[in-house]
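Here are my notes on the model you sent.

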Amino acid sequence: MEPFIPVNKPLGFALREVHMSVAEQIRSIAAEARQASFAMAKLSSAAKDQLLLDMALALINDAPHIIEENKKDLEAGQQRGLSAAMLDRLMLNEQRVKGMADAIREVAQLPDPVGEVTGMWKRPNDLMVGKMRIPLGVIGIIYESRPNVTSDAAALCLKSGNAVVLRGGSEAIHSNLAIATILKAQLAKHGIPAAALSLIPFVEREGVTEMLKQEEYIDVIIPRGGESLIRFVVENSKIPVIKHYKGVCHIFVDATADFEMAREIIVNAKTQRPGVCNALETLLIHKDIAETFVPFIYEALSTLKVELRGDKAFRQFAPKATEATEEDWYAEYLELILAAAVVDGLDAAIDHINRYSSLHTESIITGDYANSQRFIREVNSGVVMVNASTRFSDGNQLGLGAEIGISTTKLHSFGPMGLTDLTTTKFIVYGSGQVRP
Ligand SMILES: NC(=O)C1=CN([C@@H]2O[C@H](COP(=O)(O)OP(=O)(O)OC[C@H]3O[C@@H](n4cnc5c(N)ncnc54)[C@H](OP(=O)(O)O)[C@@H]3O)[C@@H](O)[C@H]2O)C=CC1
Ligand SMILES: N[C@@H](CCC(=O)OP(=O)(O)O)C(=O)O
């Protein structure tokens with residue numbers, strides 16, 4: 001997508017400091033965030049929780065303003081011909097703003113990971129050695145055009161004692177600025193440096209490029225988005241990157257699967273919200289049940305207007321399905337299209353997944369315990385499920401309150417990332433005068 005300048009010029013441009021280049025402005029934001037991160041790291045759990053609760057309340061109180069700013073984004077999006085699904089992702093109403101506030105409150109209620117001692121052991125010389133959880137420092141996030149990510153990410157980063165630099169999708173610039181301004185005002189009220197939460201206030205892509213050069217000030221970059229973003233960040237970042245890549249999610253229906261259960265799960269995973277990264281994109285079916293299961297699932301999905309693209313064996317039992325090409329096995333459709341193949345068994349299913357998946361989320365539907373255990377151990381993705389919908393691959397649904405995103409990188413955290421994943425540990429050592437002989 002081409003870089004986009006907001007239609008409402010005064011807002012887009014007024015926030016780019018005219019006397020500073022993009023590079024200077026980003027460097028200054030990052031440097032101030034670094035300073036603010038020291039203040040964040042020292043805050044007590046109670047202070048952070050109160051800050052978050054006040055932020056949630058402020059969002060509710062200022063909902064009319066947020067919705068007004070969001071309308072500007074929606075109008076600009078309509079003018080640019082964004083799809084209905086994209087406009088829906090962008091849209092905020094009272095209920096969605098309330099949802100954002102609820103998510104912040106939920107994060108406030110979660111235990112604070114900072115300061116937790118994760119282990120303590122005694123050495124023969126009586127030294128006590130342990131590990132303590134600490135914030136990462138400054139987290140830079142580049143994300144899509146869903147404005148609620150701005151408040152979710154801010155809440156998670158602040159509660160875990162970090163400062164955060166946010167760069168949201170250009171389509172959501174007015175909404176994001178409104179949300180970030182409201183949240184920042186609460187930082188000031190609580191005596192916390194406003195730079196603990198910064199939103200890049202303009203849409204030039206150069207801002208992303210410059211962010212990736214701030215290794216002196218930003219500790220980690222989280223790119224949350226599709227192919228173009230991830231490739232760009234991986235090629236250009238001087239800062240460690242935790243990729244949050246697209247979701248080419250699979251379900252494998254084993255020979256022992258309960259058909260009704262399989263249908264419920266597949267329908268949910270494909271159709272409940274097709275535009276999100278944890279929606280199902282490829283279905284694999286054990287050959288021993290293909291003759292009966294393929295027509296059964298084809299009927300259920302085509303009734304719901306899902307287009308099926310099958311391999312030869314799948315089309316043998318569902319002749320109306322279109323032909324899948326090699327490209328389909330890599331595809332993240334984010335719409336009502338599903339690729340489907342018949343495989344020889346568990347080994348072939350695991351091989352297919354490990355070859356084509358984006359390491360996001362995969363599920364097996366099976367009545368065979370041993371196969372479920374092999375699937376869990378051998379599938380190389382951040383979330384592996386048994387007899388459940390891939391749509392559960394979500395921080396809130398998995399008990400993390402919210403998620404910064406779903407990591408498809410094994411370092412430093414794999415799968416949905418919550419509070420604990422935004423921290424690291426340091427060694428702590430208690431002595432009583434010991435010296436090394
Ligand atoms: N794993 C996870 O946690 C998640 C993954 N996703 C994935 O994200 C994708 C959908 O998101 P979508 O809205 O398309 O997001 P995009 O990947 O198009 O954009 C996300 C952000 O990246 C920026 N960006 C995109 N390309 C570049 C580039 N070449 N250089 C610099 N910045 C860039 C965008 O800026 P600009 O506005 O300027 O285009 C935006 O801020 C899907 O593939 C989905 O699966 C989504 C959410 C969570
Ligand atoms: N949080 C999501 C899953 C991850 C996500 O945010 O995906 P996306 O909607 O593609 O930005 C969910 O509700 O399922």
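1. How many bridges join β7 to strand β8, and do they run parallel or antiparallel? This is a predicted model. In it, β7 and β8 (residues 280-286) run parallel and are joined by 5 bridges. Along this pairing, Val253 stands opposite Ile285 in β8.

2. β7 also pairs with strand β12 (residues 361-365), again parallel, through 4 bridges. Here Val253 has Ile365 of β12 opposite it.

3. Together with helix α11 (residues 259-271), the strands β7 and β8 form a β-α-β unit, and the unit is right-handed.

4. Strand β7 (residues 249-253) is mostly covered, with 5 of its 5 residues buried. Cover is found on both faces. One side carries Cys249, Ile251 and Val253, the other His250 and Phe252, and all of these are buried.

5. Ligand 1 has 27 residues around it, and the closest are Ser170, Gly225, Lys246, Cys277 and Gly405. Two or more residues of this shell come from each of α10 (227-236) and β14 (405-407). α10 contributes the most, 3 residues. By type, the shell around ligand 1 holds 10 nonpolar, 11 polar and 6 charged residues.

6. Around ligand 2 are Glu144, Arg146, Val276, Cys277, Asn278, Asp394 and Ile406. This shell divides into 3 nonpolar, 1 polar and 3 charged residues.

Notes: Residues are numbered from 1 along each chain as its sequence is written. Chains are lettered from A and ligands numbered from 1 in the order in which they are written. This is a predicted model: local features need pLDDT of at least 70, side-chain atom pairs count only at pLDDT 80 or more; totals for chains, interfaces and linings use all residues. A residue is near a molecule or strand if its C-beta atom, placed from the backbone, lies within 6 Å of it. Ala, Val, Leu, Ile, Met, Phe, Trp, Tyr, Cys and Pro count as nonpolar, Asp, Glu, Lys and Arg as charged, and the others, Gly among them, as polar. A residue is buried if 20 or more other C-beta atoms lie within 10 Å of its own, exposed if 12 or fewer, and partly exposed in between; C-beta atoms are placed from the backbone. Two strands pair if DSSP finds at least two bridges between them. A crossover is right-handed if, with the strands pointing away from the viewer, the path from the first strand over the helix to the second runs clockwise.
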